[in-house]
Amino acid sequence: MTLTFRQAAALCATLSFCGLLLVPRNFPELTGDARITLAVFALATCAWIASSIDDTYVALGAGLALTVTGVTSADALFGTLGDATIWLLICAFVLAAAVAATGLAGRAAAFLVGGARTVRQLVHLTTAALVVSAFAVPATSGRAALALPVFLALARALADRKRLVVALALLFPTVILLSAVATLIGAGAHLITVSVLWETTGERVGFHEWLLLGLPLAVVSSHLAAEVVLLTTTRRADRRGPVRVTAEAIEEHSERPVTGRLSPAETRCAALLTTVVALWCSEPLHGASPAVVALIGAVVATAPALGTIRLKDALATVPWSLLLFMAATMAMGVALAESGAATWLISGLPGDAVPAWAFLAVVVAVSTAAHLVLQSRSARSSVLVPLVVAAAMAAGVDPVAAALASTAAAGFCHTLPASAKPVALFSDVPGTPTYTPGDLLRLSAVLAPLTAALVLLFALAVWPLFGVTP
C-alpha cells in the first residue's frame, strides 16, 4: 500500500508523539493512565484523518484499548450505550421513520414552496422548510435523503433556468448542515457535546436549553447562507423572473400524495409529532426527560392499529453504527478528562491572561476549519470538545459557551464534496444540473468567515441573554 504525503505526515507525527510518551523521563507530570490515553487518542485521531478505516471501527478499537489497559472500566465503556442521549437519538429515528412513512414531510414542503412567486421567496421558503425539518428528522444525512425528492421536483419545474437549479442544489445541503444546530437531535455531534459537558463539568444541557441557544442561530445562519448562495451562484437576470412550483410537480417525485385531505394516519402522526416536540420544549414545566418523552412517542408511533409503521421497520432505519461510534467516543472523552490528559494538553495555554472573546474566537476559527482535516462531524466533536472544555475551565471561560460555540462552528463543512454526506449527495444527481467543486469553493470563501463571525457574535452577545455568559 502506497501512503500519500498527508497520510505519511500524519503517521510520522503520531508515532513520534507516542514514542515520546513511552519514555518515562519525558513529561514527568503525566501519569501512566494519561500517557496511555494520549497515545490512544492520537492514534485514533490519526486514523480518522489519514486512513480509510471506518470511523466507528476506529472508535471501538480506541475504547477497547482504553478498557483493556485499565484506563477505563468495562462498565464505563458499555454503560455509554445506556446513556439517555443514545436512547433519545434511537427514539428520534423511530419517530422520523413514522413521519417519513406517512408522507407528511412532502406535504409540508409542497405547502411552503408552493406559495413562492419570486426566486428570493422560493429560496427563503425552502430554507424555512429545511430548518423546520430539523425537528422531525435527526441527522443531516437523513434530512438530505428526505429532501432530495423535493429538490428533484423543483429542478424539473425550473429546468429552463440552469443556474437557479444549481443554486437550489447548493442551497439544500448548505441549509441542512447549518440548521442542524437548531435542536439537540440535529446531529450526533450535539449529543457527544452534551455528554462531555455532563461528564466533565456536571452541567446538563437539555433539549429546551439547546433550543433556546441553537434555534435563533440556525434561523439566522440558514437565511444568511441562502442569500450568499443566491449572490455567488446566480446573476441578477436569474433572480428577476417569476417562479411557479405546484404541489402536483412535487407529488410526481413523492411516493405519497402531497395534495388533498390528510389521511387518518397522517393526522395521527402530525398530532403525535407536535405533542412530542411541545413536551421536549416544555421540559422545565413537567420535568420529564427528553429521552422518556421520545420513547413514549416511539411506542405510540409503532403501536398496532395506532401507529404508522411497524417497530421492526422503524428500528431498521436507526444508524446503529453512529450510535456505537458515539458510545465509544463518549468513553474516550471521559478517559481524557479523568486521566488528566486533557488538562495536560492545555496546560501550556496562557489561562486567565486570555480575554473570553479572544479565547472563543480561536475556538470558533479552529472548529470552522476542522472539517478540512476531520471529515466526520461526530469525530470533530469527539476530538475538539473535550479539549475545548478543559481549556475553557483553565481560562475562566464558561465551558458550556465554549463547547456550544465549537460544536456550532464545526457544523460548517461545505468546502469539498467529501466534507459532508449531504454535500456529496447533492453534488451528483443523475440527469440534473448541480454544483461543481469550484462552486463549493466560491461559496465557502464567503460563507466560512461569515458563519464563524455569526457564531462568535451569538456566543458573545446573544447567548448571554439566556444565561450562558462566556
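**Aromatic rings**

A: R204 places its charged end over the ring of W198, at 4.4 Å from the ring centre; a charge sits over a ring when NZ of Lys or CZ of Arg is within 6 Å of the ring centre and within 35 degrees of the ring normal. The model is predicted, so local features need pLDDT of at least 70 and side-chain atom pairs count only at pLDDT 80 or more, while totals for chains, interfaces and linings use all residues. Residues are numbered from 1 along each chain as its sequence is written, and side-chain values use heavy atoms, with hydrogens and water left out.

There are six aromatic pairs in the structure. Rings of Phe, Tyr and Trp (its six-membered ring) pair if their centres lie within 6.5 Å; planes under 30 degrees apart are stacked, over 60 edge-to-face, and the rest tilted. One of the pairs is W48 with F325: the ring centres are 5.7 Å apart and the planes stand at 55 degrees, so this pair is tilted. W48 belongs to helix α2 (residues 32–50) and F325 to helix α18 (residues 320–338), 277 residues apart. Helices are DSSP runs (H or I, at least four residues), numbered from the N terminus. Both W48 and F325 are buried, meaning under 20% relative accessible area with a 1.4 Å probe, protein chains only.

F172 and F426 have ring centres 5.6 Å apart and planes at 25 degrees, so they are stacked. Because F172 is in helix α9 (residues 162–179) and F426 in helix α23, the pair ties together parts 254 residues apart in sequence. F172 and F426 are both buried. Ring pairs also join F151 with F172 and F426 in a cluster.

Key
Helices (H or I, at least four residues) and strands (E, at least two) are DSSP runs, numbered from the N terminus. Buried means under 20% relative accessible area, exposed over 50%, partly exposed in between (1.4 Å probe, protein chains only).
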